[in-house]
Amino acid sequence: MRDFAGRALTRWGFRKNIDVLLEQASSKHGLAKTLTGANLVMLGVAGIIGGGIFVLIGSGIVQAGVMVVPAFLVAASICAVAGFAYAELASSIPASGSAYAYIYTAMGELPGWMVAWALVLEYAVGAVSVAVACRNNLLAVVTQFGHLFNPADAVRTPQLPNGVQYFANPENPFWYGMTHSPLESAVSTNSAGIDVNLHGFINLPSILIVLIVTAILVKGTKESARFTAVLVTLKVAILLFAIGVAFSLFNAHNLADPLPCYNTGTGVPCSAAGFDPSAPTYDVRNFLPAVAAVFAAGAIMFFAYIGFDSVSTTAEETKNPKKDLPVGILGSLIISTVLYILAALALVGASHWSMFVGNSAAAQLAVGEPFGFVFEQNHALEVGGFSIGALLVRLGALIGTTSVLLVLILGGVRVFFNMSRDGLLPAWMSRISKRGNPSVTTWFYGAFTLVLAGLLTLGAAVELVNIGTLFAFMMVIIATWLFRIRRPDVERPFTMPMWSVLTRKGKPILPLFPILGIIGTLVLIVSLDKFTLLASITWAGVGLLVYALYGVRHSKEAAERFPAPTTPAARITVIGEPDE
Amino acid sequence: MPHERHHHDRPAAILASILGVVAILGTVFFLPTFYCDSPSAQCDTAGPSGKAVDFDVAWAKVDATNKAVASTGAAANGEVAVTGIQAGAKVTVTDCTDTARAGLQQPATITYTLSGGNLTPLSKTFTCADKDAAAGEITFPAPDVVKVSADDVTAGKESLANDPKVRAGTTTYTLKVTVTRPAGPAPSPIGLPTDATINVTLNLVGQAYEPNLTPHPKEATK
């Protein structure tokens, strides 16, 4: 029995030969090498800054008030550890499989498979949910213009934070049906005061957006990078403009009492008249609650940073991966952190945190659309009742989510491509087109995303994106540490700080930096809800079955270690050849 | 140490299958139980962890069950008490019959005043000929509460009823009706009835706000 388990463990631990990996990556028959460091920074920013930043800061302010600014630093520092680990491994193992390739090389086949399986879920669920978010942002933009022509098409209801139930006109249910999946429904009140149930039929906007993005990816990685650069330039410009306008409304008094204390229902601050000490109160003015609040807000903000890891999936398409990948990963993280902190500072300076708390319509608008609220409150960027500010923010969110969608499909395809090239998935997934990209897999992945986004809602499954990302982050940090111990000889153009308190023969035995990163990601993992934790174990179980039924038998790494016995005919041929 | 591939593949596949099946069977049956724990799940009740659900609140104005009728040929009052989240009161004219003859008698004018709570009283004057335009209401704005966190819909409604911003309580709305008939344009000819009569019925209905709670939909935050 012990021998049985021992053989299984040995087999699971087959590590990919780094030399083979590097040879694959540099092969002329591989993916076309078209990307530069600047392209990678753009891709990183495209993956990180989505529509969420226009929303998340509001939730952070409710938790931590003005201290939402350091909360961004907390989130950034956890991401930075993972970012350093990705940068080191990407510079030393420049293979396009990202975390999967690193962990396969440093820890073995099964750990690599499990991370890849988690990444498949992260990218797939992420792409579907972002495609739906894209739809919402698109409808929000169209709805705003619709007001100019036909106010009835944008029925104001309190069902959404910003008070607009997009395309939910009870007098004309056709548009709701064509813009929502069959699992979506809404109640809207018609002019006679009667509640009308609206049902979705097909989510056409998401289908169209996914189709366009997939077509661009199939056209080529360089073309995709150009398209991404345009999107990133636009969304960063919009974000900077929104930050600039918010800073112009800056009032130092808003920073006076930085830590929130208020009645949770009414939102009345503890220092204001009308505060009821007997009512439920949220108070984080003391040191420990303040620290807890900053970390809680940091946990919310953390998810605004994920996406930089997808840069490393393009390693094989990068001209100088050893130099450019660390630049792309860390550069995009730094740019995003600066933008996020500026955005948070501008918002808490333009509007006191007390405007964001409580259950009033105004507070919910502030949380749902913080920039839009600040603009509306100050009548900034308003022309004849038309809010240019709100339109800009919605356009920024639309562009942001489109770029994230592109990066998620790009990353997901690269993970499939690498698994297939290693024999762990069917061979057609690693077929390369004349344009030098995996176009068949891209269409397959795009079709998968398109069908799910068009016909389903993910509900609670959306949270699986977070656990997939966190699991990959944790494993990459561990892999970086192990790879230093197992293969200290490999060239590392970029190295992660280790802060090792115990070193043996130059190998880090007790490195504080990665250990802190592992603890940080573990804390975030266990803070996720029970459904997400359980569902991720179910998904891992499915992954183990697929690995057992397909991956184990088709693995190319195993095939190289155990070459198939030659046939008698082949032997005769070999014998017949002259010795060299 | 065996050096055939299947000596390694077989135990790896069998053990991975066993672990996979255990992982699936050990978790899949609990997924429905914990579904509502997820912040993205749209559930009417909190999950097993007891974490409150965020509900969006939409306010619907509903008629209170009790109403008053002021049916009069002269003057009358009506009164209705509404217990709940105050929305106001409305008056409709259900019947109005005036026997005044054109050219002989002036039509009667009915004036009503609707008041209650701290709302500005509403006064309207009409004749039976324009009774359809006589309806009126005094209204409290819907409570400025669009979100509530609670374990379930019932708890959410209870929480809203106790919220100081929703004006829950009892308010009495009063309807005062007076009827006057201006003097006729000419003396009544001999042989014709001199007194015209009027019968008017006004309905006074108190209104309350009812909260409709729907789980708050969460959008992707990326």
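Okay, let's start with a pair in chain A: Glu491(A) and Lys322(A) form a salt bridge, with the closest N and O atoms 3.2 Å apart. By salt bridge I mean a side-chain nitrogen of Lys or Arg within 4 Å of a carboxyl oxygen of Asp or Glu. This pair ties together distant parts of the chain, 169 residues apart: Glu491(A) sits in the loop between α17 (464–486) and β9 (503–504), and Lys322(A) is in helix α12 (residues 321–350). Helices here are DSSP runs of H or I with at least four residues, strands are runs of E with at least two, and numbering goes from the N terminus. Lys322(A) is partly exposed, at 25% relative accessible area. The cut-offs are under 20% for buried, over 50% for exposed and partly exposed in between, with a 1.4 Å probe and protein chains only.

Quick housekeeping. This is a predicted model, where local features need pLDDT of at least 70 and side-chain atom pairs count only at pLDDT 80 or more, while totals for chains, interfaces and linings use all residues. Residues are numbered from 1 along each chain as its sequence is written, chains are lettered from A and ligands numbered from 1 in the order in which they are written, and side-chain values use heavy atoms, leaving out hydrogens and water.

How many salt bridges are there over all chains? The count is 19. One of them joins Glu109(A) to Arg11(A), closest N to O 2.9 Å. Again the partners are distant in the chain, 98 residues apart, with Glu109(A) in helix α7 (residues 109–149) and Arg11(A) in helix α1. Glu109(A) has 0% relative accessibility, so it's buried, and Arg11(A) is buried too, at 0%. These two also belong to a salt-bridge network with Arg5(B) and Asp9(B).

Helix α1 of chain A (residues 2–12) packs against helix α1 of chain B (residues 5–28) at about 95°, axes 8 Å apart; axes are lines fitted to C-alpha atoms over the stretch in contact, and angles run from 0 to 180 degrees between N-to-C directions. The two are therefore roughly perpendicular, meaning 65 to 115 degrees. Residues in contact (heavy atoms within 4.5 Å) include Phe4(A), Arg11(A) and Trp12(A) on one side and Arg5(B), Asp9(B) and Leu19(B) on the other.

Last one, in chain B: Lys131(B) and Asp132(B) meet in a salt bridge at 4.0 Å. Lys131(B) is partly exposed at 25%, whereas Asp132(B) is exposed at 71%.

Technical notes: Parallel < 35°, antiparallel > 145°, perpendicular 65-115°, else oblique.
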